[in-house]
Amino acid sequence: IQDVDQYSTFLPLCHYSKIIRQSPDGRSFDGQLKIGQPPWFEEEYISRVTVIPEEWTIQAQSIQSQNFDSLSSQWKLTELPVAAAA
(Lines give C-alpha, C1' and ligand atoms only; values in the text may rest on other atoms or scores of the structure.)
Protein backbone atom coordinates (compact mmCIF):
# COMPACT_ATOMS: atom_id res chain seq x y z
CA ILE A 1 0.00 0.00 0.00
CA GLN A 2 2.88 2.36 0.78
CA ASP A 3 4.82 1.64 -2.41
CA VAL A 4 3.24 4.44 -4.44
CA ASP A 5 6.16 4.51 -6.89
CA GLN A 6 5.05 1.05 -8.11
CA TYR A 7 1.28 1.69 -8.39
CA SER A 8 1.49 2.34 -12.13
CA THR A 9 2.98 -1.13 -12.65
CA PHE A 10 0.00 -3.03 -11.16
CA LEU A 11 -2.95 -0.73 -10.47
CA PRO A 12 -5.50 -0.64 -13.33
CA LEU A 13 -5.97 2.78 -14.94
CA CYS A 14 -2.97 4.25 -13.08
CA HIS A 15 -0.60 5.75 -15.65
CA TYR A 16 1.87 7.53 -13.34
CA SER A 17 2.73 7.24 -9.66
CA LYS A 18 5.53 8.86 -7.69
CA ILE A 19 6.33 9.85 -4.11
CA ILE A 20 7.19 13.55 -4.32
CA ARG A 21 7.77 14.41 -0.64
CA GLN A 22 8.53 12.32 2.42
CA SER A 23 8.60 13.33 6.08
CA PRO A 24 11.87 12.84 7.99
CA ASP A 25 10.26 10.22 10.28
CA GLY A 26 8.90 8.24 7.29
CA ARG A 27 5.35 8.29 8.64
CA SER A 28 3.89 10.53 5.97
CA PHE A 29 4.49 11.35 2.34
CA ASP A 30 2.86 13.02 -0.64
CA GLY A 31 2.18 10.87 -3.67
CA GLN A 32 1.31 12.09 -7.15
CA LEU A 33 -0.90 9.88 -9.31
CA LYS A 34 -2.32 10.11 -12.80
CA ILE A 35 -5.37 7.90 -13.33
CA GLY A 36 -8.10 7.43 -15.89
CA GLN A 37 -9.00 6.21 -19.33
CA PRO A 38 -8.18 8.89 -21.90
CA PRO A 39 -9.89 10.47 -23.72
CA TRP A 40 -12.98 9.97 -21.51
CA PHE A 41 -11.51 10.79 -18.14
CA GLU A 42 -8.09 11.57 -16.76
CA GLU A 43 -7.11 13.01 -13.40
CA GLU A 44 -3.78 13.91 -11.88
CA TYR A 45 -3.80 14.50 -8.14
CA ILE A 46 -1.62 14.58 -5.05
CA SER A 47 -2.51 12.75 -1.84
CA ARG A 48 -0.99 13.08 1.60
CA VAL A 49 -0.50 9.59 3.03
CA THR A 50 -0.02 8.96 6.75
CA VAL A 51 1.20 5.61 8.06
CA ILE A 52 0.42 4.58 11.64
CA PRO A 53 2.41 1.33 11.99
CA GLU A 54 1.44 0.59 15.60
CA GLU A 55 -2.23 0.58 14.52
CA TRP A 56 -1.58 -1.10 11.14
CA THR A 57 -3.38 1.84 9.51
CA ILE A 58 -2.71 3.93 6.41
CA GLN A 59 -4.75 7.08 5.69
CA ALA A 60 -4.74 9.05 2.44
CA GLN A 61 -6.30 12.44 1.71
CA SER A 62 -6.12 14.36 -1.57
CA ILE A 63 -4.49 17.77 -1.17
CA GLN A 64 -4.50 18.85 -4.82
CA SER A 65 -6.98 17.80 -7.50
CA GLN A 66 -8.66 19.36 -10.52
CA ASN A 67 -11.78 17.16 -10.57
CA PHE A 68 -12.39 16.03 -6.99
CA ASP A 69 -13.45 18.20 -4.04
CA SER A 70 -12.02 15.54 -1.78
CA LEU A 71 -10.73 12.03 -2.09
CA SER A 72 -9.87 10.01 0.99
CA SER A 73 -9.23 6.43 2.00
CA GLN A 74 -8.23 4.50 5.08
CA TRP A 75 -6.65 1.06 5.13
CA LYS A 76 -6.81 -1.00 8.32
CA LEU A 77 -4.70 -4.13 8.05
CA THR A 78 -5.38 -7.25 10.09
CA GLU A 79 -3.08 -10.18 10.67
CA LEU A 80 -4.63 -13.48 9.60
CA PRO A 81 -3.84 -16.80 11.21
CA VAL A 82 -1.49 -19.04 9.28
CA ALA A 83 -3.40 -21.94 7.72
CA ALA A 84 -2.16 -25.43 8.55
CA ALA A 85 -0.57 -27.31 5.67
CA ALA A 86 -2.83 -29.97 4.14
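Tutor: A salt bridge is a side-chain nitrogen of Lys or Arg within 4 Å of a carboxyl oxygen of Asp or Glu. This is a predicted model, in which local features need pLDDT of at least 70, side-chain atom pairs count only at pLDDT 80 or more, and totals for chains, interfaces and linings use all residues. Residues are numbered from 1 along each chain as its sequence is written, and side-chain values use heavy atoms, with hydrogens and water left out.

Student: How many salt bridges does the rule give?

Tutor: The count comes to three. Arg-21 pairs with Asp-30, their closest N and O atoms being 3.1 Å apart, and Asp-30 also forms a salt bridge with Arg-48, at 2.6 Å.

Student: Is Asp-30 buried or exposed?

Tutor: Buried means under 20% relative accessible area, exposed over 50%, and partly exposed in between (1.4 Å probe, protein chains only). Asp-30 has 6%, so Asp-30 is buried. Arg-21, at 33%, is partly exposed, and Arg-48, at 35%, is partly exposed.

Student: Which residues form the other salt bridge?

Tutor: Glu-54 and Arg-27 meet at 2.9 Å, N to O. Glu-54 is exposed at 54% relative accessibility, while Arg-27 is partly exposed at 34%.

Student: What kinds of residue line the largest pocket?

Tutor: Ala, Val, Leu, Ile, Met, Phe, Trp, Tyr, Cys and Pro count as nonpolar, Asp, Glu, Lys and Arg as charged, and the others, Gly among them, as polar. The lining divides into 16 nonpolar, six polar and no charged residues.
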